[in-house]
Amino acid sequence: MGKAGKGTGSFGKRRNKSHTLCNRCGRRSLHIQKGECSSCGYPSARIRKYNWSKKAIRRKTTGTGRMRSLKAPPRRFKNHFRSGTQAVKQTA
């Protein structure tokens with residue numbers, strides 16, 4: 001097994017998880033004892049973000065996910081928010 005350092009021989013002994021899955025961001029970043037996510041800051045109401053890490057903000061920002069509620073408005077705006085009408089036939 002080797003000497004009791006931090007290296008190869010010690011990795012076999014590591015079997016306790018300090019983090020589990022987060023309900024909000026889905027990452028394995030929720031610290032079990034603290035009950036706080038190291039990625040998104042859950043259960044805090046505000047999403048965790050810092051300006052010293054621009055790349056992390058880019059990864060998490062609006063437009064990187066499904067955008068279920070923000071996908072439609074630009075298209076609806078283009079059509080002047082019409083609803084309940086039939087499309088006009090295009091004549092070539």
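**Figure 1. Three helices and three strands make up the secondary structure of the chain.** From the N terminus on, the order of elements is α-β-β-β-α-α. Helices (H or I, at least four residues) and strands (E, at least two) are DSSP runs, numbered from the N terminus. This is a predicted model, in which local features need pLDDT of at least 70 and side-chain atom pairs count only at pLDDT 80 or more, while totals for chains, interfaces and linings use all residues. Residues are numbered from 1 along each chain as its sequence is written, and side-chain values use heavy atoms, with hydrogens and water left out.

**Figure 2. The C-alpha trace of the chain spans about 80 × 35 × 25 Å along its principal axes.** The radius of gyration of the chain is 24 Å, whereas a compact globule of 92 residues would have a value near 12 Å. The radius is taken over C-alpha atoms, and the globule rule is 2.2 Å times the number of residues to the power 0.38. Of the contacts between residues at least 6 apart in sequence, 0% join residues at least 24 apart; contact means heavy atoms within 4.5 Å.

**Figure 3. The accessible surface of the chain is about 9000 Å².** Carbon and sulfur atoms account for 51% of this surface. Areas come from the Shrake-Rupley method with a 1.4 Å probe; for residues, only the protein chains shown count as cover. Buried residues are 10% of the 92 in the chain, where buried means under 20% relative accessible area, exposed over 50%, and partly exposed in between (1.4 Å probe, protein chains only).

**Figure 4. Cys22 is buried, with a relative accessible area of 6%.** The closest cysteine sulfur to that of Cys22 belongs to Cys40 and is 3.7 Å away, so the two are too far apart for a bond. A disulfide here is a pair of cysteine sulfur atoms within 2.5 Å, and the whole structure holds 0 of them. Cys37 is likewise in no disulfide, its nearest cysteine sulfur being that of Cys40, at 3.7 Å. Cys37 counts as buried at 2% relative accessibility.

**Figure 5. Ser10 lies in helix α1, which covers residues 8-11.** The relative accessible area of Ser10 is 14%, and the residue is therefore buried. A polar atom of the Ser10 side chain is 2.3 Å from the backbone oxygen of Gly5. Neighbours within four places in sequence aside, Ser10 is in contact with Ala4 and Gly5.

Terms used: Polar contact = N/O pair within 3.5 Å; in protein donor to acceptor, adjacent residues only side chain to side chain.
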